[in-house]
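Please keep the sequence and the structure in view while reading.

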Amino acid sequence: TQERGPFSRTITARTCGGPSGCLASRCRGPTSPGSGNLWRNLLCASPKLALRVRAERCIARCADVAAVRSCKLGFSRARFVGKHTLEVEQALESVLLELTTAESQQRLFVITGSDAGLEAYGAAVSRVPGALDRLAGLTEDNAEQTARFERLQALVKTRIVTLREFAELRQNEGLDGVLARLDPSTSRTVMEEIRATTLEMSRVEGDLLRSRRERVDLAYRSA
């Protein structure tokens, strides 16, 4: 319809064929068949129902956005967990590497009495505390892993004390003094316990990683 305004301006209004004053007459959407016409018909027939439908659609869109954000957060946490597990395994390897290096260099010094072997042994021993400190910082958020670390730390200290004693014995009494007191079974038992503890800690970290990834996957499928 066309009406003449007070300043002779033509005003055009769309109507839906409904009652006078229908809200759909003020809709500026498309006039061709489609969602625009459906919306105008619903708005004309039941304005309250139309507004409720629109509100529910808005809520659904917000829920979808929240689900996407939740999944993104879950993936971020999964990446962090994977990185953390890798760091723990690297720290375990570092502790074992420095300790075995100290052991092999101490054995070289005991056999040959070379100053190079003694120096390399001392350097390796000095790096062990730093490796242990790094591992302690990575496992302090898990009570069970902390208990395993404390056992590992005690075993490592025991082994270092033994290495130091025999290095000093070699310096003071020579190779014969070392051979007189050497008990290979004792040192072998301690190192076996150290390796077993590091393997156990590594296995636990792997289990934790798999469990957390499964929770992230479940959250993604449920979103």
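## Helix α3

The buried residues of α3 are Gly117, Tyr121, Ala124, Val125, Val128, Ala131, Leu132, Leu135, Leu138 and Thr139. Here, buried means a relative accessible area under 20%, exposed means over 50%, and partly exposed lies in between (1.4 Å probe, protein chains only). Helix α3 spans residues 115–139, 25 residues in total, and reaches 37 Å from its first C-alpha to its last. That reach is close to the 36 Å expected at 1.5 Å a residue, the expected span being 1.5 Å times one less than the number of residues in the helix.

## Basis of the model

This is a predicted model, in which local features need pLDDT of at least 70 and side-chain atom pairs count only at pLDDT 80 or more, while totals for chains, interfaces and linings use all residues. Residues are numbered from 1 along each chain as its sequence is written, and side-chain values use heavy atoms, with hydrogens and water left out.

## Overall organisation

The chain has five helices and two strands. Read from the N terminus, the order of elements is β-β-α-α-α-α-α. Helices (H or I, at least four residues) and strands (E, at least two) are DSSP runs, numbered from the N terminus.

Of the chain's 223 residues, 31% count as buried. Among contacts with a separation of 6 or more, 62% are made by residues 24 or more positions apart; a contact means heavy atoms within 4.5 Å.

## Salt bridges

Side chains of opposite charge can pair when their charged atoms come close. The whole structure contains seven salt bridges, each defined as a side-chain nitrogen of Lys or Arg within 4 Å of a carboxyl oxygen of Asp or Glu.

One of them joins arginine 127 to glutamate 98, with 2.8 Å between the closest N and O atoms. Because arginine 127 lies in helix α3 and glutamate 98 in helix α2, this pair ties together parts that are 29 residues apart in sequence. Arginine 127 is partly exposed at 41% relative accessibility, whereas glutamate 98 is buried at 13%. A further salt bridge links arginine 159 and glutamate 103 at 2.6 Å, N to O. Arginine 159 belongs to helix α4 and glutamate 103 to helix α2, so the pair connects parts that are 56 residues apart in sequence. Arginine 159 is buried at 7% relative accessibility, and glutamate 103 is buried at 11%.

Within helix α5, aspartate 207 and arginine 210 are three residues apart, which means that about one helical turn separates them. Their side chains form a salt bridge, the closest N and O atoms being 2.3 Å apart. Aspartate 207 is partly exposed at 32% relative accessibility, and arginine 210 is partly exposed at 48%.

## The largest pocket

The largest pocket holds about 420 Å³ of space. On a 1 Å grid over the protein atoms alone, a pocket is an open set of points where a 1.4 Å probe fits, with protein on both sides within 12 Å along at least five of seven lines; its lining residues have an atom within 4 Å of a point. Grid points are joined across faces, edges and corners, and the volume is the space filled by probe spheres set on the points.

The lining comprises 21 residues, of which Gln106, Arg159, Phe166, Leu182 and Ser187 lie nearest the centre of the pocket. Two or more lining residues come from each of α2 (47–112), α4 (143–181) and α5 (184–222), with α4 giving the most, nine residues. By type, the lining divides into ten nonpolar, five polar and six charged residues. In this grouping, Ala, Val, Leu, Ile, Met, Phe, Trp, Tyr, Cys and Pro are nonpolar, Asp, Glu, Lys and Arg are charged, and the others, Gly among them, are polar.

Threonine 85 is found in helix α2 and is buried at 3% relative accessibility. Leaving aside residues up to four places away in sequence, threonine 85 touches Glu205, Gly206 and Leu209.

Threonine 198 lies in helix α5 and is buried at 7% relative accessibility. With residues up to four places away again excluded, threonine 198 touches Leu92, Leu96 and Leu152. Arginine 212 is also placed in helix α5 and is partly exposed, with a relative accessible area of 26%. The C-alpha atoms of arginine 212 and glycine 82 are separated by 9.3 Å, although the two residues are 130 residues apart along the chain.
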